[in-house]
Amino acid sequence: MKYADRTGRIHGNDTLQDRFLRLLYGSLPGRLLLKPLIHPCVSRIGGYVLDSSLSSILIRPFMRSCGISLRDCEIPATGCYRSFNAFFTRSLKEGARSFDMDPDVLCSPCDGLVSAYPISRTRHFFIKHTDYTLDQLLKDHKLASRYTGGTALVFRLTVSDYHRYAYIDDGKRSSYRRIPGILNTVNPSAAASRPIYKENTREYTLIKSQNFGTVLMMEVGAMMVGRIMNHHKAYTRLDVFRGQEKGYFAFGGSTVILLFEPGAVRIDRDILRNTALDIETGVRMGEPVGRRA
């Protein structure tokens, strides 16, 4: 897996995990083995295990293998996390991720690897060479028409990323919907061979933002992510603020998708260039990724 930082430097390589997932998703025996693994029940069971106090023994080895530092993180009063999931969903210290408050600046809602895709007039767009339509993604033909000709930003969170996400602008949240599904991995090795973003469990809300039109913000679950923990699910309308936490993912890699209406934003050139080269761009929550058009 390769990605670029904001200076243009390329990082990463083809890992053993990438090769294993290509074999799993790209061969008949692999797909047969995969079928039970992507069922939501398996992720729920995994979630129960990772919520247990015994799972805390996994924290140190995981931090070493992923190169994770707790320097910017809130540490529990006891000095240690009670479970692996408590560690995985950890909060950061105040100020560790600051949003650019210039109203013209579009900020990343999370840490992760971002790609930008134009949405065609026929509502099609491509993620890792896989064809999607907005109707498939949203299950709502009328809503899909609003974003025809717009832009999709896809933020893929790896297991080593900070797994909380925030609203990108001040505005009013007007709706919430959950679409149940299975739980494929969101690794590019799978995304290149399966339409994972129309198969996986996902949730989305509409945000009537002050500066970027009506933005659709979607969270996509993934293998071993049985829970997308959005706050305030019971409310259909509430005021939200730039940088306000929207929710978090439990263990695993996962994805945040932003849809913008036509003419709402201009995405930064390095992100557009890298996406055209099939390379993701590493960003952090609050970091500029574009501007108001």
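Visitor: How many bridges join strand β8 (residues 164-166) to β14, and do the two run parallel or antiparallel?

Guide: The model is a predicted one. Strand β8 (residues 164-166) is joined to β14 by three bridges, and the two strands run antiparallel. Within this pairing, Arg164 stands opposite Tyr248 of β14. Strand β12 (residues 228-230) is likewise connected to β14 by three bridges, again in an antiparallel arrangement. Here Asn230 has Gly247 of β14 as its bridge partner. As for burial, four of the five residues in β14 (residues 245-249) are buried, so the strand is largely enclosed by the rest of the structure.

Glu245 and Arg164 meet in a salt bridge, with an N to O distance of 2.8 Å. This pair connects distant parts of the chain, since Glu245 belongs to strand β14 and Arg164 to strand β8, 81 residues apart. The two partners can be set side by side in their accessibility: Glu245, at 29% relative accessibility, counts as partly exposed, while Arg164, at 11%, counts as buried. The cut-off behind this reading is that buried means under 20% relative accessible area.

Asp169 and Arg242 form a salt bridge of 3.1 Å, N to O. Asp169 lies in the loop between β8 and β9 (171-179), and Arg242 lies in the loop between β13 (238-240) and β14, so the pair ties together parts 73 residues apart in sequence. Asp169 is buried, at a relative accessible area of 2%, and Arg242 also counts as buried, at 9% relative accessibility.

Arg6 is partly exposed, with 29% relative accessibility. Salt bridges with shared partners also join Arg6, Asp268, Asp270 and Glu287 into one network.

Asp270 leads on to helix α10 (residues 269-276), where the buried residues are Asp270, Ile271, Asn274 and Thr275. Viewed down the axis of α10, these buried residues fall within an arc of 130°, so they line one face of the helix. They pack against β1 (3-4), β4 (112-118), β16 (265-267), β17 (280-283) and β18 (288-292). On the face turned away from this buried side, α10 carries the exposed residues Arg269 and Ala276.

The backbone after the helix also deserves attention. Most residues other than glycine have a negative phi. Asp278, which follows α10, has a positive phi near 65°. Asp278 lies in the loop between α10 and β17 and is partly exposed, with a relative accessible area of 39%. Lys139 likewise has a positive phi, near 55°. Lys139 is found in the loop between α6 (134-138) and α7 (141-146), and is partly exposed at a relative accessible area of 47%.

Methods. Residues numbered from 1 in each chain as written. Predicted model: local features only at pLDDT ≥ 70, side-chain atom pairs only at ≥ 80, totals over all residues. Heavy atoms only, no water. Buried < 20%, exposed > 50% of the residue type's maximum accessible area, 1.4 Å probe, protein only. Pairing = 2+ DSSP bridges. Arc of directions from axis to C-beta. Contact = heavy atoms within 4.5 Å. Salt bridge = Lys/Arg side-chain N within 4 Å of Asp/Glu carboxyl O.
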